[in-house]
Amino acid sequence: MLSAIGESNRTRSKRKRIPKILAPVNSFESTVKVIDAGADEIYCGVAMTGKGKSFGLYRGPGASPAQLPSYDELGRVVQHAHIHGVKVVLVANEPFMSDELEEGMRNHIRLGADKGVDALMIGDMGVLSIVRDLGVNVPLYASTYFVSMNCEAIDFLRKLGFSRVILERHLTLHEISEIVKHSKVDIEVFCHYGGCSNINACCYFYHLRMPSKVKEEWRMMASSVGRHTAPCTIPYDIYEITNWGDKLLCNAPVMDALTYCSLCHIQALVQAGVVGLKIVGRLRQWHGYGGVAMDVRIYRKLLDRIAKDSAGPEKLRETVSTLRKEYDQLMIEECKRTLRAQGGGTVKYLPYYDFYCKPKRCIFSNLFNAPYKEQELNLREIRL
Amino acid sequence: MQTTSSDLEMLREAVSSNCDKVRFGSEFCEWKIPSLAELEKAFMLVKDGGKDFTYVTPRVSDSGIGKLVRQLDFLNGKGEIGVVMNDLGVLNILGRYPNLIPHLGRQLVHVPARCPWLKRSIRDTLLEKAGGIDEIYSQTSLNYPPTIKFFQDQGVRGVDLDWIPRCFPYYDLLAKAGIDLSVHLHLVPVTLTRKCHTARLLGEDAPDTCSRPCTDRAFLLKNPRLGLGFFLHENAVFRLIEPSKRDVAKLPRNGISEFVITMSPITRILNRERIEELVLQLRQLAS
C-alpha cells in the first residue's frame, strides 16, 4: 500500500513538472537572444579542428555555419548562460567515429569540459568511449542518433551512464507518455522544427552535404512548389514496379512528411512528464530574422500559462491562437528590423497558421497523417 | 548464402531453394513483425527443410518489444539461434537469452557510403584535399576499434553490411577483428521512416489497421533532374546495386561469412527459381 502511494505521488510530481525549453545557438549574439526569449537550456556545437574540420555527416562537430566559430566563443556563451542560470549542452553527436577523427573529437570534448559546459550530447558508442577514456565528469545526454523508441533502449543507455535520453522524433504522444512513466532517466523530445520525414540516424540523404550543382537544381525545383530543397521534400514521379513503366503519379512529394510544430500538444507533453522540449535550428540561426528566439518566446509563454493555471482545452486553444498571431507580429517586426539593418531589400513571410497549421504540420499528429494528402499539390493521377 | 523473407509463402520458396540458411522476419517495419504463431510455423518449416534459421527484427516501440519478448522466449527454447537486431532495446533484452546470438543489423551500423551522391559530394566539397578524409567515407562506424569492441562485449558475433564496393577493404578489417560478416546483395537502404511513405501513398490510415499493401507492391521514385532513381518498399527507400564481376573480385577472400538475398518485389526475387538463378550467377561471377 505504502509503495503504491509513493508511486502515485512520484507520478503526480512528474506530471506537475514544467519542461525546460532547449534552444539552439550558433553564436554569442544568438545566445543572448534565445536566453532573453526564455530558453532554460541551450545547445551548440563548435567547428572541430584537425581532419574532422572537413567532416560532418549531419551537423555534428564538422565545419558548418551551424556551429560556434571557436572554443573562445563557447567560453563566452557558457559564461553568459550561467550568469542567467541557463545550462549549456555541447553537442558531440556525430553518429560515427574513426581513427582519423579521434584526435579532433578528444579536443572537442576536453575543451568543452574546460569551458564549463553542463552536459555533452553523444550519439555514438565510439564517442562515448572517448568521453570515458578522458574521464570527463559531465552529465551525458543520449542523442536522437541512438534512435530511442522503447523503455529497453532507454534502460540500455541508462546503464551506460546517460542521465537524459532524447527520443526519436517518430513517436506518438501515447508512446512518449508510456516511456516517461517507466524510465529512470530524464526524457527529452523535439517540439519545434526538425520533425524529419525519416529517422535521422538512418537517413543517408545528407542534404547538407549535397553537391552545389544538385543543390542549385533542387532550389529551382523547389521554387515551383514553394518547398524546401531537400531530397525528402522534392517531388518524384512514381512508377509501380510490378508493372514496369506504369507511372502511378507525377510530381508527388512522396517522402515529404516533415512536421514542425507542437503548440497544440504541449499540454499533453507536460502531463506526460517530459523534462525537455527541444527547438531545432542551429542552422536557422544563420539565416537571421531571429526565428528561433521567436519560437522560444511563444513556447515560453505557453508553458508559463500552463504552469500558472490548469487551463481547459478550450482556453488553451484560445491561448495558442493568440500566440500564433503574436508570433506573426513579432516576426514581421523582426524582419523589418533586419531589413533596416541591411539597408533595404525584401523578404517573404508566410503567417504561422498558413505555414504550420493549414498543411497539418503537427509533430505529434498521426504517423500516417500525410501532409501532402491534405494539400492541393497537383497530384495528378495517371493510373492506379 | 542466406535468404530473407517476411511472409510464409516466400519462406517456403526460400526453404526449397539451394541457399544454405534462411532468415525470417521484418528488417524495417515494426508493424510487419510476424505473430508468434507465424514464427512457430516458419521455424518448423525451415527446420523441416534442413536449413539454419535466423530471426530478423526491426527498430521497435514498446509495443514491438512486447511482441518480440514472447517470440524470443520461444526461440531461446530451440537451441542456438541467430537474431538480427536493429534496435538497442532488442540488444538489451537479448542479454537475457543465453541461446540467442545477437547479430548487428544494418540500422545499427553507420555507413556514410550509403549516401546516393557521396562521390559528387566529396568532390564538390573538396574533402579529398583535406587528406585522408575521403577514406572515412569508405568506412563503417564499426571500423573504429572501441566501437566494435563495445558491441563484441555485448555478445555481438556478426554484423550485416551492404554491397558497397568502395567499403570492401574496410569490411576486411572488420573480419580480422573476429566478426562474422553478412553482406546484403542488391538493396542498400538510403533512408527509413516510421511515417511510412508507402502507407501514406496508398492511403492507409494508421499502422494498426494497415493492410500491408507493401507485401507485393514497391515503387520506383524518379526525379528527372536528379539523374538517379530510388526504390520505395515498405517504410524504407533503397538504392539498387547489381553485383559485377569486377566488384566480386574486390571482395575480401576470407572475410565474408555469407551473402544475404532479400526476397523483394524490387529485385523480383520472389521464388525458388530466381534464388537459384542468382546463386548460379554469383558463382559464375566469382569463378
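Analyst: The account below begins with the contact between the two chains and then turns to the chains themselves.

The model is predicted. In the model, 62 residues of chain A are in contact with 61 residues of chain B. On the chain A side, the elements that each give two or more residues are helix H4 (99-115), helix H5 (125-134), helix H6 (151-159), helix H7 (173-182), helix H8 (212-225) and strand S8 (236-240). Of these, H6(A) supplies the largest share, 6 residues. Sorted by class, the side of chain A that touches chain B holds 39 nonpolar residues, together with 11 polar and 12 charged ones.

Strand S8(A) also takes part in pairing across the two chains. It is joined by 4 bridges to strand S9 of chain B, residues 219-222, and the two strands run antiparallel. Within this pair, Ile238(A) has Leu221(B) as its bridge partner. In general, strands of a sheet pair through backbone hydrogen bonds, either parallel or antiparallel.

Parallel pairing is found in the barrel of chain A. There, 8 strands form a closed barrel in the order S1-S2-S3-S4-S5-S6-S7-S10. Neighbouring strands of this sheet are turned against each other by 30° on average, direction ignored. One of the pairs consists of strand S5 (residues 140-142) and strand S6 (residues 162-166) of chain A, which run parallel and are joined by 3 bridges. In that pair, Leu140(A) stands opposite Phe162(A) of S6(A). Helix H11 of chain A, residues 291-308, packs on the sheet and touches strand S1 (20-24), strand S7 (186-192) and strand S10 (276-279). The direction of H11(A) makes about 175° with that of S1(A).

Taken as a whole, chain A has 14 helices and 11 strands. Of its 384 residues, 48% are buried. Among contacts in chain A between residues at least 6 apart in sequence, 64% join residues at least 24 apart.

Helix H3 of chain B, residues 62-76, has 15 residues and reaches 20 Å from its first C-alpha to its last, close to the 21 Å expected at 1.5 Å a residue. The buried residues of H3(B) include Asp62(B), Gly64(B), Ile65(B), Leu68(B), Gln71(B), Leu72(B) and Leu75(B). An α-helix has 3.6 residues a turn, so residues three or four places apart point the same way.

Notes
Residues are numbered from 1 along each chain as its sequence is written. Chains are lettered from A and ligands numbered from 1 in the order in which they are written. This is a predicted model: local features need pLDDT of at least 70, side-chain atom pairs count only at pLDDT 80 or more; totals for chains, interfaces and linings use all residues. Two residues are in contact if their C-beta atoms, placed from the backbone, lie within 7 Å. Ala, Val, Leu, Ile, Met, Phe, Trp, Tyr, Cys and Pro count as nonpolar, Asp, Glu, Lys and Arg as charged, and the others, Gly among them, as polar. Two strands pair if DSSP finds at least two bridges between them. Axes are lines fitted to C-alpha atoms, for helices over the stretch in contact, and angles run from 0 to 180 degrees between N-to-C directions. A residue is buried if 20 or more other C-beta atoms lie within 10 Å of its own, exposed if 12 or fewer, and partly exposed in between; C-beta atoms are placed from the backbone. The expected span of a helix is 1.5 Å times one less than its number of residues.
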